[in-house]
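Hi everyone, thanks for coming. Today I'd like to talk about aromatic rings and their neighbours, so let's bring up the model.

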Amino acid sequence: MLDLLVRHANLPDGRREMDIACQDGRIVEVAAGIDAPRAALEIDAGGCLVTPPFVDSHFHLDSTLSYGRPRVNQSGTLLEGIAIWGEFAENISADDVKTRARTLCHWAIARGNLAIRSHVDVSNPQLIAAGALLELREELKPYLDLQLVAFPQEGYLRNPEAPAALAAALDLGVDVVGGIPHFERTMAQGSRSVTMLCELAAERGLPVDLHCDESDDPASRHIETLARETIRLGLQGRVTGSHLTSMHAMDNDYVSKLLRLILEARVHAVANPLINVTLQGRHDDYPKRRGMTRVKEMLDCGINVSFGHDCIMDPWYALGSHDMLEVAHMGLHLAHMTGVHEMRACFDAVTANGARTLGLESYGLEPGCHADMVVLQASDTIEALRTRPARLHVIRRGRVIASTPRSTTTLSLGERQIQVDFTAPG
Ligand code: FE2
């Protein structure tokens, strides 16, 4: 007997009315009209979209849900946010980090986001936040893939305590080497930090994910060094450049060369649309830049691009409820990606591409993959982007771990009652 049979599912690749059979936590068959007499649980998706889980490839769990502590970011800039975080983090406690991060992870599960790569600040040698998030990673393992990045928020070379603290965090089991080259004192120091962090990752056999060129300055070209070091050290496919917002301001001639280098290095690119449009362009007069990196050009070139939420209710961003469809929705607007294939590509940026950035194994809706999926109250990916609907069922290893009732509104118009769920006619 099957553990789970999901019937009449529309898949992100366009296949419609498919059945998905699951056994022992894995998908065993995907086909139309599977002839299975019994399953422990049968879900009729009724022509709804069933997708592999959403993936948030860039987040900060240690600072999340701390909005206003100790004060609100009045200028709205990245730098004021870093200063506020520095004040807050001085007296951080493990319980506080864990409580806030756990709440966020519960929101994530409710939204069908079952994989998160979270940076964790390792500036403080006591590693309080890292320790708390490592415990949370284990606590939530049955429900959520949590990857942690050792992130020297105050700079790897700028903060003399950072190298030892970052190494200690990796010793504790943090998964990925992080960095912030554009925040180092000089371009040369930024470049040096990229080399050192890539060498550290190569020594330890770990992936790299740097906050890279999160600036409006077109001269911020650390991505070039990151790609070159990736190739030199044989790290292809294991390195991620997060943000890359300076690319928005670079000239096209230079970018045409740079894209080929990023592709050759197989460096993953992560854009954070909600945050990039909020933080970047703050020093601009009109017209103000959008700030997000060149998503469309990178995808056209064959580079893997995924989207992250980055922040929710913290010193950098006051809003958010961890809805990755909201992220994709903003991303497609900022990137002018409103063509049908382009909108689908933005859906991929919060699902399959994110899984590639994180290196997730057995991700997808094919036989042999983990039985992890989300049933949405929408018929296809574009309707999901348009309406950002309820996640009716969130399934992990063949078991339902979150359910949301179908959303509908009843209009009372004179004698008539009309149900509205924002589905277009036909
Ligand atoms: Fe970030």
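Are Trp-85 and Phe-88 buried or exposed? Both are buried, where buried means under 20% relative accessible area, exposed over 50%, and partly exposed in between (1.4 Å probe, protein chains only).

A quick word on the basis: this is a predicted model, where local features need pLDDT of at least 70 and side-chain atom pairs count only at pLDDT 80 or more, while totals for chains, interfaces and linings use all residues. Residues are numbered from 1 along each chain as its sequence is written, and side-chain values use heavy atoms, with hydrogens and water left out.

Searching the whole structure gives two aromatic pairs. Rings of Phe, Tyr and Trp (its six-membered ring) pair if their centres lie within 6.5 Å; planes under 30 degrees apart are stacked, over 60 edge-to-face, and the rest tilted.

Phe-54 and Phe-347 make an edge-to-face pair, 5.8 Å centre to centre with 65 degrees between the planes. This pair links distant parts of the chain, 293 residues apart: Phe-54 is in strand β5 (residues 54-60) and Phe-347 in helix α11 (residues 340-349). Helices (H or I, at least four residues) and strands (E, at least two) are DSSP runs, numbered from the N terminus. Phe-54 is buried at 0% relative accessible area, and Phe-347 is buried at 1%.

Back to Trp-85 and Phe-88: their ring centres are 5.8 Å apart and the planes at 50 degrees, so this pair is tilted. Both lie in helix α1 (residues 78-89), three residues apart, about one turn of the helix.

Thanks, everyone!
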